[in-house]
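Let's walk through this structure together, one question at a time. Have the sequence and the 3D view open as you read.

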Amino acid sequence: MSVNEDRHNLKTVIDGKTFKNMLFTSLMTLKEQKSLIDSLNVFPVPDGDTGTNMYLTYLEAINEVKKLDSHKIDRMTSALAKGALMGARGNSGVILSQLLRGFSQALKDKSDLTTVDLVKALRKASEVAYQGVLKPVEGTILTVSRKAASGAEAALKTGDDFYYILATTIDYARKALNQTPEQLPALKEAEVVDAGGQGYLSILEGMLAGLQGKKKYHQVDLEIVKPKTYKKPEEEIKYTYCTQLLINMNDNNRSKNIDEIRNDLQNYGDSLMVVGADNIVKIHIHTNHPGVILEYGLKRGNINDIEIDNMKLQSEEKRKKEEEKQRQEFNNKSNDELYDKVKVKKDKGIIAVTQGNGLKKILNDLGVDKVIDGGQSMNPSTNQFVEAVKKLDSSKIIILPNNKNVISAAKQAASLSDKDVEVVSTKNIPQAISALLVFNDEVSLDELKEAMEMEIENVKTVEITTAVKNSKVKGLEIKKGNIIGIIDSMIEIVGNDYKQVVIDLFDKCWEEEELITIYYGQDINEEDAENLKAELMERFDIDEIEVYRGEQPLYPYIISME
Amino acid sequence: MEKEWTNEYGKITIAQEVIAKIAGLAAMECYGLVGMSSRNMQDGIADLLGWDNLTKGVLVDIKDDQVSLELNIIVEYGTNIQEVANNVVERVRYILQEKIGINVDKININVQGVRVGNVG
């Protein structure tokens, strides 16, 4: 913006009414920038909510000002500080509240605002903000506020005018902001500037715009907005065709391993998956040239099970479907037909965590869309969940963590995602399986979660594993290498033989349940498992026990009773 | 006690002290937190701890593979203490997950003191 343009009309004092207008405009500016700021958020926790947090904090601050009937600067700024304190959200919100607190402290007993006041207040804001942290990290909103204050001070020396001072302040702030990636490695890595700093800059810019009267705020914009309503814009589809095929490799291509195929194809699109065994390879890719992929397949062998879907069309249809839904059940008939046509996939996706190929296959067969490898002593990271959630087509997703220690990572991923993700806190595989058995794609996500949670209450899980260290639990002396029997996550039996421990466990907790299922681990062969089954059936007079090969590590037997 | 797990190549052990230190450092970077205080609070004095012994303000408890933390913190006067505590929990949980791959079961925050800055 041009500073000179406004110079003919020097402004050295601002009254409360003008200041109020500046505040409202800055709130609007921050609101406009909110999504941008969210997307910059990588520090201190990359959860993409800095913009939203700052906006909501500032909104509360400004609402406090709105309640005032006074137009005295000191009363307005202390209202601002109070509102921000009460409404502070997130790290950036707390910092903003301290900035505003400092700002108001410098303006005690002022009914109007002079340029000198403003410059002092900006400095004080930064100083107070710096006091709030033990180890100030440079390259954040703090740095931007400090440099902005320096800009204001420099400007005051050369011109006693609000337009000029604010414009220079903004200039300094922007320069400081652009340097933040050099100061904070996390920012550089993500190739962004600091989110909080951007927020502060937006507020300053809004103040200037409000002073110039360039923007008018709308009363509507000042209503309380709940954070949940914020939604990221849908990702644009870069590659149109979801292409899948199987290749039966020619003999002379056997040596061509999966990695090589993956390398060959990776430049043709994204979401590439190449899996296979021996001479059959499955390829999944999102590409703009399905023909090229098919040709490639033909070079390697003969191809079958080809599927090519136009995802752009699908996503448009999905949007249409949602619009239609909102329009209620007006002309039901024709819509129903449309729904049938567009219903190309499940409404809800399921992600589950487990180890062992057998269990993975069982889960897949039961409708799990993505199995994440992990479990005891190998917890998947939040990031793995986030990636999995992103990759699934469905926008509503259930996660089954299947381990007590994984639940929190799953929940964190759920809160990070912009899809609807619910975590059903399954602590083991039998709970996951009983939850999957009540899966119903017709009900809402909440209802489904509730149904699953009810169901997992009904299953009793018995596991055996080997103790990795000496310990004492509930009066049981456990030595390293002992076989321990666990009932619903509590250690109940200690022994030295798998079979005997299982029998002891049955003695202890079997309550005439009829549905008994044994999943045997990678260290157990089928014969042993069948022997155990026979023994149990005879000893406890059970009609039928199902036995599955789970191939899970660490737990030789996992048994469910329902 | 230490936290340990095994992968295909061997066993990984992380000492309690390491978890305490990383948690302490992560907390220190949180806005609004201006110090840690000693965990021995019988004398009732919330003493600010320096950098060297910040881990004294962090209590790590490892039981049955579950890691829980207790942080004794001192907060700057004038900040929204509840929100600062929330931010500390969030950041510590995130850093432990990210840096050492530990899912923390529980993080308890004790606000042991409020520091009044030079102004106000």
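Q: What percentage of the 120 residues in chain B is made up of buried residues?
A: This is a predicted model, in which local features need pLDDT of at least 70, side-chain atom pairs count only at pLDDT 80 or more, and totals for chains, interfaces and linings use all residues. Residues are numbered from 1 along each chain as its sequence is written, while chains are lettered from A and ligands numbered from 1 in the order in which they are written. A residue is buried if 20 or more other C-beta atoms lie within 10 Å of its own, exposed if 12 or fewer, and partly exposed in between, with C-beta atoms placed from the backbone. For chain B, the buried share of its 120 residues is 41%.

Q: How confident is the predictor in chain B, as a mean pLDDT?
A: pLDDT is the predictor's confidence in each residue, from 0 to 100. In chain B, 83% of the residues reach 70 or more, and the mean pLDDT is 82.

Q: How are α1(B) and α2(B) oriented to each other, and why?
A: Axes are lines fitted to C-alpha atoms, for helices over the stretch in contact, and angles run from 0 to 180 degrees between N-to-C directions. Helix α1 (residues 16–28) of chain B packs on α2(B) at about 130°, and the two axes are 9 Å apart. Angles under 35 degrees count as roughly parallel, over 145 as roughly antiparallel, 65 to 115 as roughly perpendicular and the rest as oblique. The two helices, α1(B) and α2(B), are therefore oblique.

Q: How many nonpolar residues are in the contact of α1(B) with α2(B)?
A: Two residues are in contact if their C-beta atoms, placed from the backbone, lie within 7 Å. The contact includes B:Ile19 and B:Ala23 of α1(B), and B:Val92 and B:Leu96 of α2(B). Ala, Val, Leu, Ile, Met, Phe, Trp, Tyr, Cys and Pro count as nonpolar, Asp, Glu, Lys and Arg as charged, and the others, Gly among them, as polar. The contact has two charged residues, no polar ones, and a nonpolar count of ten.

Q: Which element gives the largest share of the side of chain B that touches chain A?
A: In the complex, 29 residues of chain B are in contact with 30 residues of chain A. β1 (2–7), β3 (33–36) and α2 (81–100) of chain B each give two or more residues to that side. The largest share, seven residues, comes from α2(B).

Q: Is A:Tyr200 buried or exposed?
A: A:Tyr200 lies in helix α9 (residues 195–212) of chain A. A:Tyr200 touches A:Ile141, A:Val144, A:Ser145 and A:Ala173, not counting residues up to four places away in sequence. Because 29 other C-beta atoms lie within 10 Å, A:Tyr200 is buried.

Notes. Helices (H or I, at least four residues) and strands (E, at least two) are DSSP runs, numbered from the N terminus.
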